[in-house]
Amino acid sequence: MKADWIAPKRTAVLVIDCQVDFGAPDGEMAKRGADMTAPQAALEKAQALVEAARAASVEVVFVRLITNSAAESAVIHEARVRQGEEGPELCLEGTHGAEFIGPQPLPGDIIISKKRYSAFVHTGLAEELHAKGVDTLVLAGLTTECCVASSAWDGFEQDFHVLIAEDACAAYEQDLHRHALKALAASGAVVADTATFINLWKMQ
């Protein structure tokens with residue numbers, strides 16, 4: 001990877017779904033029995049990534065899932081039933097579970113609320129970033145095989161270069177994390193560790 005690939009003027013860091021329900025020991029996924037070891041480690045790396053991005057004047061975007069039972073589509077409701085999903089909804093609007101965990105947004109950061117897996121579906125994010133001259137995304141967050149991967153695939157379709165901080169994202173199962181990154185890399189994503197991004201931004 002070259003430094004100009006992630007030059008500050010062309011790059012945005014997308015922090016995806018770093019929220020209590022997905023990554024905290026008291027979040028809903030933990031209550032359902034998910035192993036929080038990898039998500040907790042990824043949150044620490046995401047914090048370091050965001051700090052380095054800000055120091056280099058790289059745009060930082062916080063993406064969060066917000067659900068609302070009253071506004072849930074019939075398809076999403078039926079999908080939950082088919083999967084036998086029990087317990088409270090994840091990241092329910094106005095609850096502790098929907099709050100950010102790990103890196104926190106600061107004034108001036110873009111905050112995107114979504115209702116689907118991808119950061120780009122019905123959010124206007126692609127248009128907002130392109131208007132700022134951004135053509136490159138560095139992705140971090142939870143979980144690798146779901147909302148990170150979905151946002152990465154959509155990023156390709158929206159004419160962005162996609163890079164992924166592999167240790168700043170995580171899945172609840174290591175094989176899902178590994179295979180998702182392998183699939184994305186095979187299709188053009190650049191996968192590197194957080195230290196690589198930090199070191200290249202220090203050179204800017």
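P103 lies in the loop that runs between helix 4 (74-82) and strand 3 (110-114); helices (H or I, at least four residues) and strands (E, at least two) are DSSP runs, numbered from the N terminus. This is a predicted model, in which local features need pLDDT of at least 70, side-chain atom pairs count only at pLDDT 80 or more, and totals for chains, interfaces and linings use all residues. Residues are numbered from 1 along each chain as its sequence is written, and side-chain values use heavy atoms, with hydrogens and water left out.

With 0% relative accessibility, P103 counts as buried (under 20% relative accessible area, with exposed over 50% and partly exposed in between; 1.4 Å probe, protein chains only). Setting aside residues up to four places away in sequence, P103 touches V15, L43, A46, Q47, V50 and F62, where contact means heavy atoms within 4.5 Å.

Next comes strand 3. I110, I112 and K114 form its covered face, while I111 and S113 form the uncovered one. In a regular strand, side chains alternate between the two faces of the sheet. Strand 2 (residues 59-65) pairs with strand 3 in the parallel sense over 5 bridges; pairing requires at least two DSSP bridges between two strands. K114 in strand 3 is the bridge partner of L65.

Now for a helix pair. The axes of helix 3 and helix 8, lines fitted to C-alpha atoms over the stretch in contact, with angles from 0 to 180 degrees between N-to-C directions, come within 9 Å and cross at roughly 10 degrees. Here are the residues that meet:

| Helix | Residues in the contact |
|---|---|
| Helix 3 | K45, A48, L49, A52 and A53 |
| Helix 8 | T194, F197, I198 and W201 |
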